Structure formats: C-alpha cells, structure tokens
Amino acid sequence: MLCSRLTNANILTMDPDHPVARDLGIWRGRIVGLDEAVTSLPAREVIDLQGATVLPGFIDSHVHLAWTGLKRSTPSVAPCERVEDVLAVVARAVSRNGATGSWVDVMGYDQRALGRHLTAAELDTVSHGRKVFLMHDSGHGCVVNSEVLDLLPAGVPHQDGFLAEGAMAAARRLRLPYGQAELADAVERAARICLTEGVTAVAEAGIGGGLLGHSPVELGAYQLLRDQGRLPLRVQLMAAGDTLRPLGAHPEDGIPRALDLGMRTGFGDDWLSLGALKIYTDGGMMARTAALTAPYAGTDNTGQLQDDPERLTRLIVDGHLAGWQLAVHAIGDRAADLALDALERAQRLRPRPDARHRIEHAGLIRPDQLPRFARLGVSAVVQPAFLHSFGDDYADVMGARRSAWMYRGRGFLDHGVTLVGSSDRPVTDGAPLRAVQFMVERASASGRPIGPGEAITVEEALRAYTVAGAYACRWDASAGSLAPGKRADMVVLGDDPRHVDPSRIAGIEVVATFVDGHEMTDEGKL
C-alpha cells in the first residue's frame, strides 16, 4: 500500500523519459511510480490537487541560513536613506543594550542609499561606550565606531570606519561568535521561510570561517536541529576554505591540507551533509570590491582579491588534491580568471573528471571566459535576483558593454555550461520564482533591460533550480526530478510557470511544499 498518492495534478517531472504526469505515488518518502504504475494502487491518503502544477522541490544552491535568521532578529537600518535616520536606528539599538563596552549589532547597511559611507565619528555620537558593528548588506563589509577601531591590530585598513573583506573579518575576530543554540534558532527560522517559497533543499555557503562563518560550532548547530527534529529541509554545508589545516600525511595520499578529522565532500546523510569547500577570491559589486580587469565606471577602482593570488591558487589546488568539490567565490572577471587558472592547474596535477567544481556568483564573465568554464566542466552558480534588485546600479557601474556580461544565462547554456540558480539569501529576495521570472525577462525592478541577450526560456530557468541544482550539489541520484526511486520533495504551484505571462511568474502562489512526502508548513509537518 502506498503512503500517499497525488492525483489530478499537472506534474512537471523534469525527467525527459516521462516529462508530464497526472498521478504520483509515494512510499516511505520516495517516489515509487507515476500514472498507470500507481493509479490503481491503494493508498493511505489520496490528495486531489485539482489540476495544480507540481514540480520537484526547488534547490537553492547558495544560501546563508544562519545570517538570514540572525538578520530577521537583529535591528536593521534598511531602508533608511538619510544619515540621521540610520543613526536614529543605531541609537535605539544601543539604548536596548544595557552594558557599556558590549557589542551592538545592526544590519541592513548599504552606502548606496546614503550616497556615501557612514563614518566611525558619526557612529560615535550615538554609541555611548558600546562597540557598534553595522553590517553591510552584501556581507563584504561593515562600519564600526571608534571603540572597535581602537581594538584592531595595527595595519588593518579602513575608510573612516568602513572595513571591507579581510578587515571586516579582523573586527569579527575581536568578539565571541554566536552561540550554538542562537544559531540553531536562526537557521530554523530561515529554513521555514525557504519552505514557504517551495525550496526543499539548500547549500549553506560557508560555515566555520571565511567572511560569513558565524561560529566554530556552526556544524553543531545544524546537528542540534537534526537531532531535535527541527531541521525542516535538506541542507548541504560548505566548509570555509580557511578551516583547512596543513596535514602530515603519506605522500602517496596526496592530501596537503584537510579538516582535522580528514572529512571531505560527501560525508553525511540525506538531510545533513558536507558539500563543497568554499573559497573566496574577491569581494562583491555592492561594496565595489569585486575584482575586475577594468575599473568600475567613472573610477580607477578595480576591486580587490581576498589574498595574494598565489596563496589563493594554492588553496584551490590543495582543496582539489584533497578530494574536495570546490565552490570558488568569484564575482568579478579578474577573480574568475584566477579561479579558472587555479582549477585548470589542479586538474592537470590530478585529473578528476567528475569533480563538479563550481564558481559561485560568476557575476561578470567575459565572452572569452565562457569556453574555459565549459572545457573545465565548471558549473556557474548564479543569483538572478541580484539583477532584479540591484540591476540599475550594477549596470551603471559596469557600463554598457560589460552590463551584458553580468550573471549570464544564455551564454552559459549555449557553451554547454551547467547553469545553477541560487539566491545568496539574505543579500536579496530568495524566492526561486522571482529569479525564474528575471532569467526569462532580464529586467530590473524598474523595468530596465539588463543583458537581454542572456534571457533563457522558462523551462531552462526551472531546470536551473531543480535538475542543475541537484547536479551541482551531487544530489542528482536522489533529487532534482520526480522519477521512481527519487525523494518525494515537491512544490505545488497555483499555476504553470510555462503558461502564464512571464511578468506573472513571481506572483504564482506556492500552494504547498512537500519534503519526504510530507506537506510542510511554517510550523512543521501537517
């Protein structure tokens, strides 16, 4: 007997062998068959979907759940557009924090709304002896007050209190990280938001270190949720590259660096596993730190790499030699050159045809770089919603010629590169349907065309959030399509994205989300 059967549905399986179905049978969290294979079988529960559209659960291949959850419980200065309004929010946050000398976190900072960066001196006027840490929305910078600047090691660069990239990391090291229970609560909050948008599995893009690693016990926080039955969707964890340590191993093992226990990509189970090694090579466009080969328009600024190029290259090569899948953060084209060069060197030293290395963001990719992605078998994990939210600004700072190269779609697909959809939440809107709409329309929130030649079809965009996401996370044997033997992770939509006007895709209702064959709510299983 089946556990349940979905019937009277428009099931888009994403499986070319059986692309559309009406009925789907589930037993113990797995799909056992479609249509006539299950229609006559008895089931404990028959769910009549009355013609609703069913897709494989969306896979968001690059998120920051802990940051998302923390951001929702932390004071924010968004959408303030005046310095005095920002300072008023900070003042209120300070007033709620009792002890002099304590840390006060505030999020939502974006200098573009103000026309310039806030300064430490301005924060000093409202901080009253607290240490203020104002987080940039990109995750690549912060503004701190003089109480924090006075504690930084000599030589840490800053711009009147604005700290970018490694300088921000130096400020974070001055304080204790978040605790395990607080992180677990934050992750659960964020995961339940994902479920409401049809997301059933995510890749957490860097734990334990890097720019956004919030605590050395982040893995423990996820395990706590798993043990307590509070992890409502599937999570793959990327270890930050700086968590690797030099390893005294036999030369024939070929492992120069590893986690202290020697674990690597693939450890874990269907619910919680260790994914790629996350390595940052540059910054971000919002903070103007993405590494470019030509300056941002109207400036002499070409962004910055996170470290000496050879040290970054060695880390990428060592991660490959140690058997990791790599997720290399590279937003600017100069950073992409470094990433591609390093991956090519790594594959020459030890060929691994199915390594499935990824370049995260691939925000500005020149035409000559596209064939290199394809030749190396590297996936492009893009965030289409960035250009919906920030496209006007990004197009201005890139200029007319380069704006057509941003967060590509068609260019990758035409070169045979696996195009993977993701959100980088909470940097911007995390809803997959919003991203699908942008991938088809290529228009910013204001309606401005952004690289219209990079538009793709609805089917191709849905594939980026299902089949391609599963491939990039090495889940393709069990997820990404609705086929017998695969996990019963599904999203039910109020309309078929292929048959509505593209401008309506983002507004399609997410009727239900199923994980392991169970309908999930913001409180748990039904």
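Visitor: Which residue in E4 does Ser4 stand opposite?

Guide: Ser4 stands opposite Ile26 in E4. Bear in mind that this is a predicted model.

Visitor: How many bridges join E1 to E4, and are the strands parallel or antiparallel?

Guide: Strand E1, residues 2–7, is joined to strand E4, residues 24–27, by three bridges, and the two run antiparallel.

Visitor: Let's move to E10 and E11. What do they form?

Guide: A hairpin, with four residues between the strands. Gly139 sits in the turn and has a positive phi of about 80°. Strand E10 covers residues 131–136 and is joined to E11 by three bridges, antiparallel. Leu134 has Val143 in E11 as its bridge partner.

Visitor: Which way do the E11 residues point, and are they buried or exposed?

Guide: Gly141 and Val143 point one way from the strand, Cys142 and Val144 the other, and all are buried. In a regular strand the side chains alternate between the two faces of the sheet.

Visitor: New topic. What is the strand order in the open sheet of eight strands?

Guide: The order is E8-E13-E14-E17-E18-E19-E20-E21, with parallel pairing. The edges are strand E8 (58–63) and strand E21 (419–421), each pairing on one side only. On average, neighbouring strands of this sheet are turned by 25° against each other, ignoring direction.

Visitor: How many bridges hold E8 to E13?

Guide: Four, in the parallel sense, with E13 covering residues 199–207. Ile59 has Ala201 in E13 as its bridge partner.

Visitor: Which strands does helix H10 lie across?

Guide: H10, residues 333–349, lies across strand E18 (326–330) and strand E19 (358–361). The helix runs at about 155° to E18.

Visitor: Now H7 and H8. At what angle do their axes cross?

Guide: At roughly 60°, and the axes come within 8 Å. That angle makes H7 oblique to H8. The crossing is right-handed. H7 covers residues 180–196 and H8 covers residues 218–227.

Visitor: Which residues meet there?

Guide: From H7, the residues are Gln180, Leu183, Ala184, Val187 and Glu188. From H8, they are Glu218, Gly220, Ala221, Tyr222, Leu224 and Leu225. By class, this contact has seven nonpolar, two polar and two charged residues.

Visitor: Which residues of H8 are buried?

Guide: Glu218, Gly220, Ala221, Tyr222 and Leu225.

Visitor: What covers them?

Guide: The cover for the buried residues of H8 includes helix H1 (65–72), H7, E13, strand E14 (234–240) and strand E17 (272–280).

Note on methods: Residues numbered from 1 in each chain as written. Predicted model: local features only at pLDDT ≥ 70, side-chain atom pairs only at ≥ 80, totals over all residues. Heavy atoms only, no water. Pairing = 2+ DSSP bridges. Axes fitted to C-alpha atoms, helices over the stretch in contact; angles between N-to-C directions. Contact = heavy atoms within 4.5 Å. Parallel < 35°, antiparallel > 145°, perpendicular 65-115°, else oblique. Left-handed = near helix turned anticlockwise from the far one by under 90°. Nonpolar A, V, L, I, M, F, W, Y, C, P; charged D, E, K, R; others polar. Buried < 20%, exposed > 50% of the residue type's maximum accessible area, 1.4 Å probe, protein only.
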